[in-house]
Amino acid sequence: VLFLGCSHTEGIGLRVEDTWVHKVSEQLDAERFNCYNLGVAGGSCDTVVKNLVNCTNHLIPGVVFILWPPVERFDFYAQDGAEVFWDTMSAWNANKETMFLFEEAQSYNNLMRNKVIVDLLKEIHGFTFIELYADDLHAEFDKLPKTKDTARDNHWSPSFHTYVSNKFYSLYHYIMDQQWQEILRKNGQAT
């Protein structure tokens, strides 16, 4: 089982057992599965897909969970002398030359391009794919009353990670049920 995303997946500032990844792993009965948290702080949709491509070169996951990072983040490479380094950029650290990246159409196109790559990998490797969007969850998070448990800079609290894990686990069960129904239909045993 692979878990991909940004700092919300990595679990910045939380104990491992408080992260949505750990909670979903427990719900899946992690002893039966190898679970890998590939969340990268500051990661973009590009980062997620690069990590997935690299992982599927070495192992074939049965299930892939992606919490898509904010869509206005982009990967970029820069050079400082002989050193080339990777980073991500968002609208809050853009300049006049890079602001065009953060137009809505560019962000949407970048997300869609990355989703097409995930769909191709899913087709090739046959994994079950479950996704949520950090942007949508941020909107839900922002509606919550700010308590000691929920107010943690821009990162989610343990209780919100529980909320996210429950959303992912519900989606997982729904998708697995749909796949099972399709198998039954193909075998003439539909319920």
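Which residues touch the most other members of the largest nonpolar core?

**View 1. The largest nonpolar core of the predicted model.** Trp20, Phe65, Leu67 and Phe168 touch the most other members of this core, which comprises 19 residues. At least two core residues come from each of α2 (20-27), β3 (63-68), β6 (128-133), α5 (134-143) and α6 (158-186). Helix α6 provides the largest share, 4 residues.

**View 2. The surroundings of Leu67.** With neighbours within four places in sequence left aside, Leu67 is in contact with Leu4, Gly5, Cys6, His8, Thr9, Trp20, Leu132, Tyr133, Ala134, Leu137, Trp156 and Phe168.

**View 3. The stacked aromatic pair of Phe3 and Phe65.** The structure contains 7 aromatic pairs. In the pair of Phe3 and Phe65, the ring centres are 5.0 Å apart and the planes form an angle of 10°. Phe3 belongs to strand β1 (residues 2-4) and Phe65 to strand β3, so that the pair links distant parts of the chain, 62 residues apart. Phe3 counts as buried because its relative accessibility is 0%, and Phe65 likewise counts as buried at 0%.

**View 4. The tilted aromatic pair of Phe160 and Tyr163.** The centres of these two rings are 5.1 Å apart, with 35° between the planes. Both residues lie in helix α6, 3 residues apart, about one turn of the helix. Phe160 is buried, with a relative accessible area of 3%, whereas Tyr163 counts as partly exposed because its relative accessibility is 35%.

**View 5. An aromatic cluster.** Phe3, Trp20, Phe65, Phe168, Tyr169 and Tyr172 together form one cluster.

Note on methods: Residues numbered from 1 in each chain as written. Predicted model: local features only at pLDDT ≥ 70, side-chain atom pairs only at ≥ 80, totals over all residues. Heavy atoms only, no water. Core = buried A, V, L, I, M, F, W, Y, C linked by side-chain atoms within 4.5 Å. Buried < 20%, exposed > 50% of the residue type's maximum accessible area, 1.4 Å probe, protein only. Contact = heavy atoms within 4.5 Å. Phe/Tyr/Trp six-rings, centres within 6.5 Å; stacked < 30°, edge-to-face > 60°.
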